[in-house]
Amino acid sequence: MRRKLAAGNWKMNGLSAQIEVLNDLINRHPAPTVDLLICPPATLVGAAATATAGTPLMIGGQDCHTATSGAHTGDISAEMLGDSGAGAVILGHSERREDHGEEDALVAAKTTTVQAAGLIAVVCIGETLAQREGGETLNVIKAQLAGSIPADAAADTLVVAYEPVWAIGTGKIPTLAEIAEVHDFIRAELTARFGADFADKIRLLYGGSVKPTNAEEIFAVSNVDGALVGGASLKAEDFSGIITALEAS
């Protein structure tokens with residue numbers, strides 16, 4: 001059985017005082033039955049990892065460079081994140097793809113780097129509203145999966161997050177049937193490419209306006225193994241509600 005995962009992406013939010021949210025989460029969920037991951041901004045990774053050391057709450061990064069070191073001003077390597085206490089890295093988020101022009105090949109290279117550093121790669125894929133309305137969703141997902149996951153990827157340290165771009169932070173979400181269609185398709189594509197043993201190990205997360213009020217019904221959907229949560233992960237009470245819903249699913 002795949003162990004479910006509740007992951008939070010703080011994006012470019014959070015100063016040092018935000019560490020208290022992590023302490024609150026730990027107090028609310030001292031012995032969770034699902035895996036927990038919070039990815040704060042890079043400035044807080046070290047402090048967050050120190051604050052959560054010895055607890056079930058894993059800390060992750062939001063991006064990394066493909067190289068392990070070198071003349072890359074302003075960039076951070078997967079090894080640096082691991083050295084700071086991170087156990088995972090989000091890769092290929094739609095905001096990285098849009099704001100920084102990241103394409104599938106770069107995401108795949110980063111995935112290789114992250115896994116080589118012994119960290120979990122959380123690879124994000126998802127369609128825009130125009131692609132959804134144009135009936136291109138599954139074609140987009142197929143291409144992003146093929147291009148963003150390297151051929152030598154390791155199943156044990158790979159998570160795939162489906163985040164329809166048009167649902168991120170908008171309050172809009174696909175129907176449950178649409179979520180199921182995409183998650184079932186992702187599992188089938190991974191099975192066709194890597195085999196059932198590999199594909200069955202991969203946790204598939206849904207992301208896009210997940211809240212305590214809709215988490216229960218989303219987690220009941222086929223092949224949804226958890227969530228990648230944005231805004232709702234910034235408040236312990238909100239993220240706790242999502243964790244509780246996932247534990248009950």
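**View 1. Cys64 and its closest cysteine sulfur.** The sulfur of Cys64 lies 12 Å from the closest cysteine sulfur, in Cys39, too far for a bond. The model is predicted: local features need pLDDT of at least 70, side-chain atom pairs count only at pLDDT 80 or more, and totals for chains, interfaces and linings use all residues. Residues are numbered from 1 along each chain as its sequence is written, and side-chain values use heavy atoms, with hydrogens and water left out. Cys64 is buried, at 3% relative accessible area (buried means under 20%, with a 1.4 Å probe and protein chains only).

**View 2. Cys39.** A disulfide is a pair of cysteine sulfur atoms within 2.5 Å. By this rule there are 0 disulfides. Cys39 is in none; the nearest cysteine sulfur, that of Cys124, is 9.2 Å away. Cys39 is buried, with a relative accessible area of 1%.

**View 3. The largest nonpolar core.** This core has 63 residues (buried Ala, Val, Leu, Ile, Met, Phe, Trp, Tyr and Cys joined through side-chain atoms within 4.5 Å). Ile186 and Phe219 have the most contacts inside it. Apart from this core lies another, of 13 residues, including Ala7 and Ile90. Beyond its neighbours within four places in sequence, Ile186 is in contact (heavy atoms within 4.5 Å) with Ile125, Ile141, Leu145, Val160, Tyr162 and Leu204.

**View 4. Residues where helices α1 and α11 meet.** Helices are DSSP runs of H or I, at least four residues, numbered from the N terminus. Val21, Asp24, Leu25 and Arg28 in α1 meet Ala236, Glu237, Phe239, Ser240 and Ile243 in α11.

Definitions and conventions: Buried means under 20% relative accessible area, exposed over 50%, partly exposed in between (1.4 Å probe, protein chains only). Helices (H or I, at least four residues) and strands (E, at least two) are DSSP runs, numbered from the N terminus.
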